[in-house]
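Please look over the sequence and the three-dimensional structure shown here.

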Amino acid sequence: MKVVVIGGSGLIGSKLVDRLGAQGHEAVPASPKTGVNTLTGEGVAEALAGADVVVDVSNSPSFEDTAVLEFFETSTRNLLAAATDAGVGHYVALSVVGSDRLPDSGYLRAKVAQEKLITASGIPYSLVHATQFFEFVQGIIDAATDGDTVHLAPVLIQPMAADDVAAAVAEVVVGAPTNAVVEVGGPEQFRLDELGRSVLAAQQDPRSVVADPGARYFGATLGERSLVPADGARIAGTRLDDWRRRASRGK
């Protein structure tokens with residue numbers, strides 16, 4: 001199949017391109033680096049010509065509420081129009097577990113808006129909702145830092161490795177459209193504050209973590225299970241300790 005990967009130069013996109021290419025598919029990375037700009041529409045029609053599947057794993061350059069909403073709505077409209085013209089048979093997008101449960105987050109509101117456009121488009125689709133990546137836990141900690149203190153809500157989180165995210169998306173890409181959400185998560189659940197302490201300790205970072213039930217998570221107040229998938233989700237195999245060992249070998 002010809003699979004066009006929007007955001008194919010990023011963390012998940014590059015892994016997805018490599019994985020699909022190794023399976024014998026024509027995996028085409030599409031991003032501003034390759035002359036494809038989904039906001040302006042530049043290069044989009046040319047990239048999608050002859051595509052069987054389009055996969056959107058792109059991300060907004062800004063997480064500011066207005067900017068991120070404009071990015072996902074504009075880029076998705078441009079992609080859907082081009083996909084319709086090209087006769088694409090399967091539109092796959094990567095989103096976030098809990099996106100529909102956290103309306104106070106501007107970023108997640110934008111992801112929900114993206115998904116609504118896809119589901120209303122008439123193109124057969126699959127939406128992959130992944131839990132947070134191990135690679136992004138540092139960003140969660142940094143966003144929750146005030147001075148030398150990190151305020152994290154003591155709620156459940158079930159993170160997964162970026163490699164496993166790419167594998168899950170690849171599996172959906174080569175299958176039939178689900179016209180539904182497919183949830184994927186890691187094999188272990190942690191309390192978010194405990195995970196933060198573990199990450200900081202492993203890095204010998206002197207910041208302290210406070211378990212704060214009212215702590216905001218990118219603008220949203222979290223419930224006990226806001227960040228974990230529902231029963232029946234696909235569960236990845238890489239545990240946190242496994243990922244740490246692999247990451248340390250890669251340095």
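Strand β5 (residues 125-130) and strand β9 (residues 181-185) run parallel and are paired over four bridges, where strands are DSSP runs of E with at least two residues, helices are runs of H or I with at least four, both numbered from the N terminus, and two strands pair if DSSP finds at least two bridges between them. Within this pair, Ala 130 stands opposite Val 184 in β9. The model is predicted, so local features need pLDDT of at least 70 and side-chain atom pairs count only at pLDDT 80 or more, while totals for chains, interfaces and linings use all residues. Residues are numbered from 1 along each chain as its sequence is written, and side-chain values use heavy atoms, with hydrogens and water left out.

The two strands belong to an open sheet of seven strands, with parallel pairing and the order β2-β1-β3-β4-β5-β9-β14. Because β2 (26-30) and β14 (234-235) each have a single partner strand, they stand at the edges, and one side of each is left without a neighbour in the sheet. Further inside that order, β1 and β3 run parallel and are joined by four bridges, with Ile 6 opposite Asp 56 in β3. Four bridges also join β3 to β4, again in parallel, and here the bridge partner of Val 53 is His 90 in β4. Both faces of β3 are covered, since Val 53 and Val 55 on one side and Val 54 and Asp 56 on the other are all buried, a word that means under 20% relative accessible area, with exposed meaning over 50% and partly exposed in between (1.4 Å probe, protein chains only).

Helix α3 (residues 65-86) lies across β1 (2-6), β3 (53-56) and β4 (90-96), and runs at about 160° to β4; such angles run from 0 to 180 degrees between N-to-C directions, with axes fitted to C-alpha atoms, for helices over the stretch in contact. Helix α4 (residues 106-119) also packs on the sheet, where it touches β3, β4 and β5, and its direction makes about 165° with that of β4.

Val 128, which lies in strand β5, is buried, with a relative accessible area of 1%. Leaving aside neighbours within four places in sequence, Val 128 is in contact (heavy atoms within 4.5 Å) with residues including Val 92, Leu 94, Val 169 and Val 182.

A second open sheet has three strands in the order β6-β7-β11, with mixed pairing. Its edge strands are β6 (145-146) and β11 (208-211), each pairing on one side only. The pairing of β6 with strand β7 (residues 149-152) is antiparallel, over two bridges, and Thr 145 stands opposite Val 150 in β7. Helix α7 (residues 192-202) packs on this sheet, touching β7 and β11, and its direction makes about 175° with that of β11.

What lines the largest pocket? There are 40 lining residues, of which Ser 58, Asn 59, Phe 63, Tyr 107 and Phe 136 lie nearest its centre. The elements that give two or more residues to this lining are α1 (11-22), α3, β4, α4 and α5 (137-143). On a 1 Å grid over the protein atoms alone, a pocket is an open set of points with protein on both sides within 12 Å along at least five of seven lines, and lining residues have an atom within 4 Å of a point.

Terms used. 1 Å grid on protein atoms, 1.4 Å probe; cavity = no way out; pocket = protein on both sides within 12 Å on 5 of 7 lines; lining within 4 Å.
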